[in-house]
Amino acid sequence: MKRLYPDHLPVIPDEPCWEDFCVLDVDDKRGQGVLVLRDFSQGSVLFRMNGTLKTEMTLHSLQMGPGLHLDDPYFAGKVLHSCEPNSWLDTETRLFIATRNIAAGELLTMDYDETEDVLFRSFRCCCGSSRCRGTIGGRLVRQPVRRGRRRQSVSAELPAKLYATVMAERQNFADQLATATAS
Ligand SMILES: [Zn+2]
């Protein structure tokens, strides 16, 4: 199995699969994100988060408890925020669970206000949800839903475009491998 985590991190059960997810550049505003490559049904386990436990937060850490941060600059730390996310993190088990059915080609999202007391860096949210809270800074400074506010930086077609590119690249790679093996 091709890992999404580097070799210095021990393999754990339910690690994210290369076949199921892809880390990629989404756009200038949001930077990198995680794209889902197959369908998942509501309530199913997406993957277990790996990383290094630290007592201080980093840009890519997720809070597991008071003063306990799991630093993952490789995968789970790249999951983008949404005020209406398609996944949530169970900090007891470190499992990411689908909050609804997820289709191949969607960006994976979570709600940063659910796990973090205070964010490493607060930001203006552009998730496009009608339940968007505007500024995201962590649960201790959680903002109420701003009715009627729908700022969206990522066009609805973008994830589909990214998905098509990723799958084409992988098909290409598989074809080249097949050719190389045949000759
Ligand atoms: Zn939002």
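Colleague: Is arginine 94 buried, exposed or partly exposed?
Modeller: This is a predicted model, and in it arginine 94 counts as partly exposed, because it has 19 C-beta neighbours inside 10 Å. A residue is called buried at 20 or more.

Colleague: Where does arginine 94 lie?
Modeller: Arginine 94 is in the loop between β8 and β9. Those two strands form a hairpin with 4 residues between them, and arginine 94 is in the turn.

Colleague: What is its phi like?
Modeller: The phi of arginine 94 is near 65°, a positive value in a residue other than glycine. As background, most residues other than glycine have a negative phi.

Colleague: Which residue in the segment before β1 also deserves a look?
Modeller: Aspartate 14, which sits in that segment before β1 (21-27). Aspartate 14 is not a glycine, yet has a positive phi of about 65°. Aspartate 14 is partly exposed, with 15 other C-beta atoms within 10 Å.

Colleague: Which side chains are on the covered face of β8?
Modeller: Ser87 and Leu89 are on the covered face of β8, while Trp88 and Asp90 are on the uncovered one.

Colleague: New topic: what is the strand order in the open sheet with β4?
Modeller: That one is β4-β6-β5, an open sheet of 3 strands with antiparallel pairing. Here β4 (52-54) and β5 (61-65) are the edge strands, each with a single partner, so one side of each is left without a neighbour in the sheet. Direction ignored, neighbouring strands of this sheet are turned by 35° against each other on average. β4 is joined to strand β6 (residues 68-71) by 3 bridges, and leucine 53 stands opposite leucine 70 in β6.

Colleague: What about the core? Which residues have the most contacts inside the largest nonpolar one?
Modeller: That core has 32 residues, and those with the most contacts inside it are Phe21, Val34, Leu35, Val36, Met49, Ala76 and Phe96. The elements giving two or more residues to this core are β1, β2 (31-36), β3, β9 and α2.

Colleague: Say I click on valine 34. What does it touch?
Modeller: Leaving out residues up to four places away in sequence, valine 34 touches Phe21, Val23, Phe75, Lys78, Val79, Leu107 and Leu108.

Colleague: You mentioned α2. How many residues does it have, and how far does it reach?
Modeller: Helix α2 (residues 158-182) has 25 residues and reaches 36 Å from its first C-alpha to its last, close to the 36 Å expected. Of those 25 residues, the number buried is 2, so α2 lies largely in the open.

Colleague: Last one: how many helices and strands are there in the chain?
Modeller: The chain comes to 2 helices and 12 strands. Its radius of gyration is 17 Å, close to the 16 Å from the globule rule for 183 residues, so the chain is as compact as a globular protein of that length. The C-alpha atoms fill a box of roughly 60 × 35 × 30 Å along the principal axes, and buried residues make up 28% of the 183 residues.

Conventions: Residues are numbered from 1 along each chain as its sequence is written. This is a predicted model: local features need pLDDT of at least 70, side-chain atom pairs count only at pLDDT 80 or more; totals for chains, interfaces and linings use all residues. A residue is buried if 20 or more other C-beta atoms lie within 10 Å of its own, exposed if 12 or fewer, and partly exposed in between; C-beta atoms are placed from the backbone. The expected span of a helix is 1.5 Å times one less than its number of residues. A nonpolar core is a set of buried Ala, Val, Leu, Ile, Met, Phe, Trp, Tyr and Cys residues joined through C-beta atoms within 7 Å. Two residues are in contact if their C-beta atoms, placed from the backbone, lie within 7 Å. Two strands pair if DSSP finds at least two bridges between them. The radius of gyration is taken over C-alpha atoms; the globule rule is 2.2 Å times the number of residues to the power 0.38. Axes are lines fitted to C-alpha atoms, for helices over the stretch in contact, and angles run from 0 to 180 degrees between N-to-C directions.
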